[in-house]
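Dear colleague,

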Amino acid sequence: MLLRTLISCAALLCAGVAQARTEVPLDSGWRFHFGEEGAAVVQAGFDDSQWQPVSVPHTWNRIGEYATERSPASDNRQGIGWYRLSYRAPAAVKGERHYLDFAGVGNVAEVWVNGSRVGGHKGAFSRFRLDVTEAWRPGAVNLIVVKADNSKPAPGSATADVLPLSGDFFIYGGLYRGVSLIAADDASVDLLDYGGPGVYARATSITPQQAEIAVLTRLRNSSHRSRRLSLSVSIADATGKIVARVVKPLPLAVGARAITQSLTVPGPHLWNGRAAPYLYAVTAELSEANRVIDRVTQPLGIRSFRFDADKGFFLNGAHLGLHGVSRHQDRLGKGGALSRADHDQDMALIEELGANTVRLAHYQHADEWVTDADEAGMVAWAEIPYVSGPSFDGSAGSPAVFANAEQQIRELIRQDYNHPSIMMWSVGNEIDLNASIARTGKPMQSLALLQFINKIAKQEDPFRPTVFADCCEETPLSSPGQQKLAGAADMIGYNRYFGWYYPNPAKMAEQLAGALDHLHAMHPQLPMSLSEYGAGGALSQHSDNPLGGLINSRGRPHPEEYQSWVHEQSWPVIRDRPYLFGTWIWNMFDFASDIRQEGDAIDLNDKGLVTFDRKTRKDAFYFYKATWSDQPVLHINGRRYVDRAYPITDVRIYSNAPTAALSVNGKPLGSRPCPDHICVWPNVRLQPGANSVDASAEIDGHRVTDMVMWTAPDAAAGLSIDSGALVGQVLPGEQRFGSDSFFNGGEPRLLNPASFGPPTPPKRVASTDLAALFEGYREGAFSYDLPLPDGQWRVMIDTFEPDAAMAGKRTFDILLDGRVVAKAVDPARAAGGAMRAATLSFPATVSGGVMKLAFRPQGGPAIVAAIRVMPDRQ
């Protein structure tokens, strides 16, 4: 916190500190209007009295909510927003210059002062400054007008040559980060250095005895004469004590100049990640005749690091396995216009999780957030928004796109150079994905721009490695003739969604392990990471068995239990591969994307471990907290699945205790071990109505507890199972069906599977009032062990023929407790054709609490869409 104070003092004039530079936040008094305006809008006489009064940070967009349709509060408009501010400026001193500092404007900005255009900027995520001295009126009212344009990128649009050209996230319009007015001497640390601080420090050598620090200071003399100045650079420790200082007399000619000075820090205290994120402060002070005319303070973390293709990541000579999350910079009701408190809360949640690294996806994040990473000891992956592709037509990209990419990578590196948390520069993310999704047959020409950005990054900072995140190499998304991207940067990350976008989710752990090992073998000299993995999770959608159906990854539903299962399967594979230098969950928080209609939300990607409003930690959050954190964890899963479909269930608990104990309705069910931090009690019977489920454990000598309340149906009422369905449903007539459970064997299928690319008209099963039951089904050779009270029952099997080519060919037997009750069932014949529903019914007697149903293929795999077992009243 001392460093924050030092930097704030350097910017805002601490009492008693003599310096020329001042910075005044321009937060309030703005007026806003969305839409086109005439040329008069930049003039003082323009009437903006009917415009909306706003404060900065501000965005007009409000997108993403937990509903299946947009509410009136939603605002996903993309286009032009206008801002006007009348500001009475203080009087100026001789030789003072004025700058407007914009921390972020989405996406293309143009700025006028007192009717004169003073400049612009292309790119939503980086800081930029404009020298407005010639248009500024000290001691008078000044009119500042800003045009912010976040039009959807398309050929001919204002954003056609501005990265990103597309992406699975929303670019918010407006002055969504801070705006300030800077007054500085006309000889100063350079304020026009790609929005950077002008002071750049790094350790050139580190021993226990001392650290050698090189500090580059960029200066600018905007006056009309040479100046005789003095440049002092000092380093203060975390208490504010000066531990190193060097002073250099400096004749400064008109124009720009860069000075490098060396300092020695004795007995350096290392920045050592989460264990000890120690920060020094570097201050460059420019003086003239013993008068301070400028001062800039920046963070300094003294550390060494390296990446090894076989052994992973090393910090200060010690191996450190990087496990963490990615994060987008938006939240419910605010969009991207976040406060310092919002950033701090996000970092606190990531710290609670037990992560030690964060990926700043997919663009430059706010200064406050990177400072949080420094102070928390997070190892950070910083990224430029080269996403999906370099063009709209698959070509290599226009010269304007290349120029914008160069601008944005230089801005990213200069503005974030001094943050010790950042240890890699990402030069792209999924840059050939558009071609893979569109399936045009023409590979995206993404490599040239990737190589160009990488070259500029190495020019700017040859001391940090570059990396990029790949989507498609050796996956079902690969395109014929696809360019080989691996090796274009120093390192690589793989975005891989086994269990989500790829087939055979039941084999996801095996597939993930095989894919990672294969990629490592293909590129044995390339340090490798898993830059994205995960699954969606909706708080209001639940599954009795996450293997019971196929996930509709690009639609609905997204049961919370499925998300937990994917992470349970993924982590052991990741943990056991030390060659992965880092792994990042996608994502820490649900985030806005206007191409998404999935789970129980609209305009949201729901893969977060925490909800968009930061109010709810999903079950999967506690899996990682139990695995990564040293804080006591005992968490009963499925707590939001209150109204249960079945009277019997597995109880799963996440805990970092060696064992945990469970009781239901006050009845002890004993203790269970918690291997891999997962404790399971199978086939727990619930009573009709309310049930109290209580857990307890001893962790480090302390007793911890958790409790949930579940409501269960009466077992005497029977069972209704939606076979092949991941989530149960209530159908006409209040018929409640649970998701597929109690099965052995077979494969779940979807009648209308989701896919990348244009949607196709959905198929519907005819001759039934329960068509929704047939959206999923189980196929193959399989059986069910149904937990039922002893007695007489009526069994109804719903089936159909989804494939007209199999009509009259597919047959199967149905067995009850080993006895054939329906032989050579032909679904098409029973229903009168393909894509028509048929229901088979027979009586059954249960003795011993279990009904065994088996489906044995004869002329093709068996198909069951639903099973209904009801008391036989005859």
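**Disulfides**

C674 and C679 form a disulfide, with their sulfur atoms 2.1 Å apart. Please keep in mind, here and in everything below, that this is a predicted model. The link of C674 and C679 has 100 degrees about the S-S bond and is right-handed. As for how far these two cysteines are hidden, buried means under 20% relative accessible area; C674 has 9% and is therefore buried, and C679, at 0%, counts as buried too.

The structure holds two disulfides, and the other one to look up joins C471 to C472, with an S to S distance of 2.0 Å. Here the torsion about the S-S bond is about -90 degrees, so this disulfide is left-handed. Both C471 and C472 are buried.

Next, please turn to an open sheet whose six strands follow the order 42-43-41-52-46-49, with mixed pairing. Which strands stand at the edges of this sheet? They are strand 42 (729-731) and strand 49 (837-846), and because each has a single partner strand, one side of each is left without a neighbour in the sheet. On average, neighbouring strands of this sheet are turned by 25 degrees against each other, if direction is ignored.

As background, strands of a sheet pair through backbone hydrogen bonds, and they may do so in a parallel or an antiparallel way. Strand 46, which covers residues 791-800, runs antiparallel to strand 49, and ten bridges join the two.

**Cavities**

Finally, there are three cavities of 30 Å³ or more. What is the volume of the largest cavity? It comes to about 80 Å³, and the residues that line this cavity include F125, F169, F170, Y172, H328, D330 and A592. Sorted by class, the lining of the largest cavity has nine nonpolar residues, two polar ones and one charged one.

The second largest cavity holds about 40 Å³ of space, and among the residues that line it are F125, S126, E383, P385 and L412. Its lining divides into four nonpolar, three polar and one charged residues.

With best wishes

Conventions
Residues numbered from 1 in each chain as written. Predicted model: local features only at pLDDT ≥ 70, side-chain atom pairs only at ≥ 80, totals over all residues. Heavy atoms only, no water. Pairing = 2+ DSSP bridges. Helix = DSSP H or I, 4+ residues; strand = E, 2+ residues; numbered from the N terminus. Axes fitted to C-alpha atoms, helices over the stretch in contact; angles between N-to-C directions. Disulfide = S-S within 2.5 Å. Buried < 20%, exposed > 50% of the residue type's maximum accessible area, 1.4 Å probe, protein only. 1 Å grid on protein atoms, 1.4 Å probe; cavity = no way out; pocket = protein on both sides within 12 Å on 5 of 7 lines; lining within 4 Å. Points joined across faces, edges and corners; volume = space filled by probe spheres on them. Nonpolar A, V, L, I, M, F, W, Y, C, P; charged D, E, K, R; others polar.
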